[in-house]
Amino acid sequence: MTTSSSSDGFYAELTNAEGGALRYAVNGAWRASSSDATVESVNPSRANARANAFQACTRAEVDEAFAGARAAQGPWARTPLHERASLLHRAATLMRENAGGMVSALMIEVAKGAKESATEVERGDLLMSDSFPGNDRNKICMASNVPVGVVLCIPPFNYPVNLCVSKVAPALIAGNAVVVKPPTQGCTATLHMIHCFIKAGFPPGLIQAVTGRGGEIGDYLTTHPLVNAISFTGGETGIRVAQKAGMVALQTELGGKDACIVLPDADLELAAKSIVKGGFSYSGQRCTAVKIVAVFEEVADELIGKVNERIAKLSVGLPEDDATITAVVSKSSADFIQSLVVDAESKGATLCQEWKREDNLIWPLLIDNVTHDMKICWEEPFGPVLPVVRVKNENEALELVNKSRFGLQGCVFTRDIDRAIRLSDAMQTGTVQINGPPARGPDHFPFQGVKDSGIGSQGITNSIKVMTKVKSTVINLAKPSYTIA
Ligand code: NAP
Ligand code: G3H
């Protein structure tokens, strides 16, 4: 079955390419690739039937996109900040006015529930500016933040709008040009978002979008000589991107194994609510999903009872019906999740619900009595299955967090703030939430991982720092300024 989300007239320019494939954006225009080849996205809720097709851009087209971006960037950097900001506001308005196409594309291509899809588009609306400091007595240093040049933005499938605009907006406001490589699943929504930016009136070339499968054009893009910064969000691929990237600024936001530590004095109702929201919203396909629970033995039964009550109430079904649990993004992802469950069960874990799967749709599952020898204790399932490890003390909980190769976020539930802070200090993660589930937002908060969870920090101000360089001009005075009494 072929499904299209692009009936909206606003998007006609990018959707009417020959063969029905969406066009790619270069120098302010939407074009078909000379490759005559396409890549396809699938509909995870419809047995992975074809959803849309996109241009498989050639290397020459990638070169043209970078050259155009480079040419547009110089004049853009000299455009007054308030003018840059006003165009971003215009793009945000167009995104809001034309959200329908993006929302339906998100439901079709990444099976995100109706309300969460709408939220993702709405939270794409963000703006920020920067500033400059500096002076001295006998040397006067004028320091300012200057754009790095061309920023390559690569978002993942699970937030193809928000995690794209959260790269594009800081890059542009800081005076950069961007080349976006959308994820194949979710590509339609990303292209719709780019269209809003182009329609807002940004100079041609400033915002380019080249499409194609990451495995085919990814290396060419990330090692391109005209790239000055890479902002990448995704999984293992990001580690390889970082290894190959040359002398460019790098922001990689990668996978996580966010642990939820529940202490004996915790508000167990709050902890259970947060675990279910954190672990199962969007079927667990969030980098910041709760991916393991470490609960103290004395409250484990009570907590697990409360979590199971809430899991029983989760809706399972289609994104358009706004189900919380929808199909995971691909068959290979569903197969991987299943393999983790099979491994855990074979090693003695307890499945709190019946294992159930239809195509990509996996019913929510809590797995109790997980031990360190099970793969699910360390791997990121990226699906609606959540392991629970019963711990005797803080050291056992910390061991789970700190032995992980990931270090994105974690959370601690306790009424003892001193204890929470002590644990937070000892947890090797980019962020610790106290009495709340892991989350990246609000979008202007700093957001970062350590170890295999990434390099650099996000959040609007931090992204601007990665995407700018400090430029100093020093005035050397003939005499120190303090010689005048
Ligand atoms: P992914 O497979 O790593 O893909 C991410 C992006 O990289 C996609 O646009 C993909 O394009 C592209 N890509 C693939 N190969 C490439 C290459 N060789 N060079 C450059 N780009 C390449 O990740 P995903 O499956 O989309 O997302 C899920 C993962 O992202 C999870 O691990 C999740 O935890 C992580 N994530 C992290 C954060 C965070 O902020 N820390 C946020 C969201 C998600 P194609 O789609 O065309 O392959
Ligand atoms: O998938 C990773 C996202 O960055 C998670 O964002 O915590 O706002 O859902 P969120």
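Guide: Start with Thr288. In this predicted model, a polar side-chain atom of Thr288 lies 2.6 Å from an oxygen atom of ligand 2.

Visitor: What makes that pair of Thr288 and ligand 2 a polar contact?

Guide: The cut-off is 3.5 Å between N or O atoms. The Thr288 pair is at 2.6 Å, so the pair counts as a polar contact. Asn158 also places a polar side-chain atom 2.7 Å from an oxygen atom of ligand 2. For Arg286, a side-chain N or O atom is 2.7 Å from an oxygen atom of ligand 2.

Visitor: How much of ligand 2 does the protein bury?

Guide: Alone, ligand 2 exposes 310 Å². The protein buries 95% of that.

Visitor: Why is Tyr159 listed among the residues around ligand 2?

Guide: The test is a heavy atom within 4 Å. Tyr159 is on the list for ligand 2, so Tyr159 passes. The list also includes Arg123, Leu163, Cys287 and Gly441.

Visitor: What classes make up the shell around ligand 2?

Guide: Four residues are nonpolar, three polar and three charged. Arg counts as charged, so Arg123, Arg286 and Arg440 are the charged ones.

Visitor: Which domains supply the shell around ligand 2?

Guide: Domain 1 (24–127 + 135–254 + 453–471) and domain 2 (259–434) each give at least three residues. Ligand 2 sits in the second largest pocket.

Visitor: Where does ligand 1 sit?

Guide: The space taken by ligand 1 is the largest pocket.

Visitor: Which residues come nearest to ligand 1?

Guide: Lys181, Thr184, Gly214, Leu254 and Glu380, out of 32 residues around ligand 1.

Visitor: Which helix gives the most to the shell around ligand 1?

Guide: Helix 8, with five residues. Helix 8 (214–222), strand 9 (229–233) and helix 9 (237–244) each supply at least two.

Visitor: How do the shell residues of ligand 1 divide by class?

Guide: Into 14 nonpolar, 13 polar and five charged. Domain 1 and domain 2 each contribute at least three residues to the shell around ligand 1.

Definitions and conventions: Residues numbered from 1 in each chain as written. Chains lettered and ligands numbered in written order. Predicted model: local features only at pLDDT ≥ 70, side-chain atom pairs only at ≥ 80, totals over all residues. Heavy atoms only, no water. 1 Å grid on protein atoms, 1.4 Å probe; cavity = no way out; pocket = protein on both sides within 12 Å on 5 of 7 lines; lining within 4 Å. Sits in = over half its atoms within 2 Å of the grid points. Helix = DSSP H or I, 4+ residues; strand = E, 2+ residues; numbered from the N terminus. Domains from an automatic or database assignment. Polar contact = N/O pair within 3.5 Å; in protein donor to acceptor, adjacent residues only side chain to side chain. Areas by Shrake-Rupley, 256 points an atom, 1.4 Å probe, with all protein chains shown as cover.
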